Amino acid sequence: MSFSKKLSPFYNLTLFYIIVSVFLRIILVFHPITQTTFIAIDIFKIFFLGVLSDTFIFVLASGFLWLYLIFISNSKCFKPMGYIVFGALLSLLLYVSFFNTILNEYGGALPQIGISFIAIKTVLFGLLLFLPKYRNKIRFWLFTFVLFLYVLLILQNAISEYFFWNEFGVKYNFIAVDYLVYTNEVIGNIMQSYPVIPLFSGLFIVAAMVTYFIVKRSKHFIEMIPTFTEKIKISGIYLLLFGLSLLSIPQLSTKENSQNIFSNELQANGIYKFYLAFMNSELDYFKFYKTLPEKDAYALLNQQIPNTSGSTTLREIKSDAVENHKNVVLITIESYSAEFMKMYGSEKNLTPFLDDLATKSLVFTNLYAVGNRTVRGLEAVTLCLPPTAGESVVKREDNKSKFSTGSIFKQKGYDVKYLYGGDAFFDNMQDFFSGNDYEIVDKKTFQPNEITFQNIWGVCDEDMYNKAIKVMNEEAKSNKPFFNHIMTVSNHRPFTYPNNKIDIPGDSKSRDGGVKYTDYSMQKFFEMAKNQPWFENTIFVILADHCASSAGKTELPLDKYRIPALIYAPNYVKPAHYTNLMSQIDVMPTVFGLLNFNYQSKFFGQDVLKSNYKPRALIATYQNLGLLKDNVLTIISPKQQAKQLQITLVPNPKIGTDFQLFYDEKPLDKPRPDLINETISYYQTASDMLKNKKYQK
């Protein structure tokens with residue numbers, strides 16, 4: 001038999017992986033979310049360089065297959081070697097089962113995984129050793145099972161990449177890494193959002209059929225096990241390809257440099273993107289981004305934030321009027337794009353209550369979220385600082401005792417609480433808020449009779465608001481003002497909520513339904529609140545945590561960051577439209593201004609109602625950090641890169657001037673180095689203050 005047939009398991013699986021990846025790329029190119037056109041060079045890079053990258057990635061992923069195949073032999077089952085190996089495996093199993101090992105030191109599920117793996121290995125080797133008549137059959141079915149696992153994982157990854165693209169319009173990124181940590185919520189979300197049983201049934205059937213053909217073409221390996229010399233040759237070839245792959249993959253990733261963001265994403269290999277996101281969960285600003293001398297960076301920042309000086313944002317905020325210690329209720333709405341609302345052009349009538357409330361409120365018509373994750377929104381309204389590179393401060397180890405909105409309210413004698421309908425463990429909210437002097441009211445505090453409906457994310461918004469009313473009524477009895485930050489959950493996939501509440505069934509799993517039920521629940525909350533004695537003395541602040549989607553044609557598509565925001569306080573805050581450009585980080589400093597608070601501030605966010613405020617917005621992903629100012633979007637990125645885009649309105653005649661959403665983003669004809677330096681100053685100083693613990697309360 002020719003030596004090439006001994007390589008058949010490798011090249012048959014590699015060929016299958018390439019076929020699947022090409023097919024997936026074709027599907028994603030024509031996916032509705034891929035809102036772009038491709039030129040010839042884009043197509044070449046997507047389907048040639050992309051497939052080349054896939055090949056090298058699969059070579060690395062074949063490492064486990066290589067280890068499995070080269071250890072297949074008959075000699076290790078012969079006496080006395082077989083008994084020695086079996087005895088060693090049995091001893092190892094007893095040791096990890098009954099003694100303290102490094103697996104126990106690590107903790108979690110790792111000891112059970114380790115014990116299970118060694119137990120399976122011991123049992124299988126025992127069968128090969130003590131049942132020589134069935135050895136070939138057992139080995140054949142083990143070989144088939146290993147190939148089946150590879151086929152299954154290839155198909156599963158393709159399906160996962162498709163659904164991730166369907167949700168975010170990109171290959172795996174930092175969000176996918178996040179999802180690995182919270183498997184319970186994510187698996188529950190998948191179970192409730194998609195037809196899992198039919199999907200996985202089909203997946204297993206297809207995987208079994210493909211495995212049958214691959215085994216048929218690869219069984220020569222198991223029928224005539226390679227000799228020791230042949231295994232040396234196989235290993236030499238594999239290790240050579242392994243080394244070539246390690247060198248080639250990073251080089252190929254540098255070719256993902258098109259102006260077309262979708263082209264770069266489609267060219268990229270999802271598994272490698274996941275690896276990069278995992279390794280770069282926290283980015284050292286000073287290592288990856290453009291910097292200025294520290295003194296210059298702070299001097300520029302001091303020009304943007306009034307009354308600051310030196311290497312800090314510390315300043316005195318003084319009011320000419322008497323402080324007013326009204327209660328404050330901050331509601332951050334899950335995944336709520338501005339375009340859901342009628343005033344921003346929606347014709348679906350999904351937000352009738354919020355549309356009406358806006359006519360009685362101070363509405364910030366030109367406000368941008370800082371990011372596209374809940375933790376970024378929470379960070380923005382709690383810490384009021386720019387979205388620094390990498391993970392949100394909420395999820396970092398050093399996330400406690402920060403200068404926060406809660407700390408200001410505490411200084412003023414307020415009760416401070418964070419209310420969340422889910423488990424605050426998710427996204428590290430419990431650690432963050434409790435570490436910053438917030439008392440937490442989450443699903444764990446609910447009595448069984450307080451829950452009428454729940455899904456994987458938590459109780460429905462109605463239940464949360466009912467609980468909030470009870471909490472506030474108790475707080476009011478203490479004769480102390482309260483600050484309560486409520487985070488909603490119902491407008492999140494799977495978009496399930498109680499039936500017979502709105503005209504969209506609660507089990508239809510539609511985003512429109514999630515939006516409309518969120519609005520309905522808020523209406524019920526305000527109907528209850530108006531009947532409480534504390535209502536007249538309360539300011540309500542309502543805004544989204546982020547938009548419903550972050551996918552777009554550019555790194556930072558502006559319409560995917562525009563969120564609704566308003567302040568409602570009858571007889572205290574006059575209804576008006578504030579039209580200047582502003583950021584999510586400015587909302588709470590503006591509330592403090594309305595309350596005439598005197599305090600020392602470290603916030604990067606500012607009171608936008610002051611005459612010395614300079615309009616700008618800060619928007620970012622976990623890598624691309626942007627400043628929107630003077631109709632220019634400046635973006636700084638890793639590898640010390642900077643780019644600037646001219647922002648041009650694409651007017652919609654059906655929408656009022658204050659609520660226009662869509663803009664063209666085209667490369668700036670003449671660079672604005674002043675804006676590049678200003679962008680650097682914001683993000684560099686924020687990173688410096690966090691890194692050197694200058695942002696403590």
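Predicted model: local features only at pLDDT ≥ 70, side-chain atom pairs only at ≥ 80, totals over all residues.
In strand β10, Thr538 is the bridge partner of Asn327. Asn327 belongs to β2, residues 327-333, and β2 is joined to β10, residues 538-544, by seven bridges, with the two strands running parallel.

Now the sheet as a whole. What is the order of its eight strands? It reads β6-β5-β9-β2-β10-β11-β3-β12; the sheet is open and the pairing is mixed. β6, residues 439-441, and β12, residues 576-578, each have a single partner strand, so each is left with one side that has no neighbour in the sheet. From one strand to the next, the twist averages 15°.

Next, the helices on the sheet. Helix α18, residues 374-383, packs on the sheet and touches β2, β5, β9 and β10. The direction of α18 makes about 165° with that of β9. Helix α21, residues 461-476, lies across β2, β5, β6 and β9, and runs at about 170° to β9.

Last, helix α12, residues 228-253. Why does its length agree with expectation? At 1.5 Å a residue, its 26 residues should span 38 Å, and the end C-alpha atoms are 37 Å apart, which agrees.

Which residues of α12 are buried? They are Glu230, Lys231, Ile234, Ser235, Tyr238, Ser245, Ser248, Ile249 and Leu252. In general, an α-helix has 3.6 residues a turn, so residues three or four places apart point the same way. The cover over the buried residues of α12 includes α1 (8-29), α2 (40-61) and α3 (63-70), along with α11 (220-223), α13 (261-267) and α14 (270-279).

Terms used. Residues numbered from 1 in each chain as written. Heavy atoms only, no water. Helix = DSSP H or I, 4+ residues; strand = E, 2+ residues; numbered from the N terminus. Expected span 1.5 Å × (residues − 1). Buried < 20%, exposed > 50% of the residue type's maximum accessible area, 1.4 Å probe, protein only. Contact = heavy atoms within 4.5 Å. Pairing = 2+ DSSP bridges. Axes fitted to C-alpha atoms, helices over the stretch in contact; angles between N-to-C directions.
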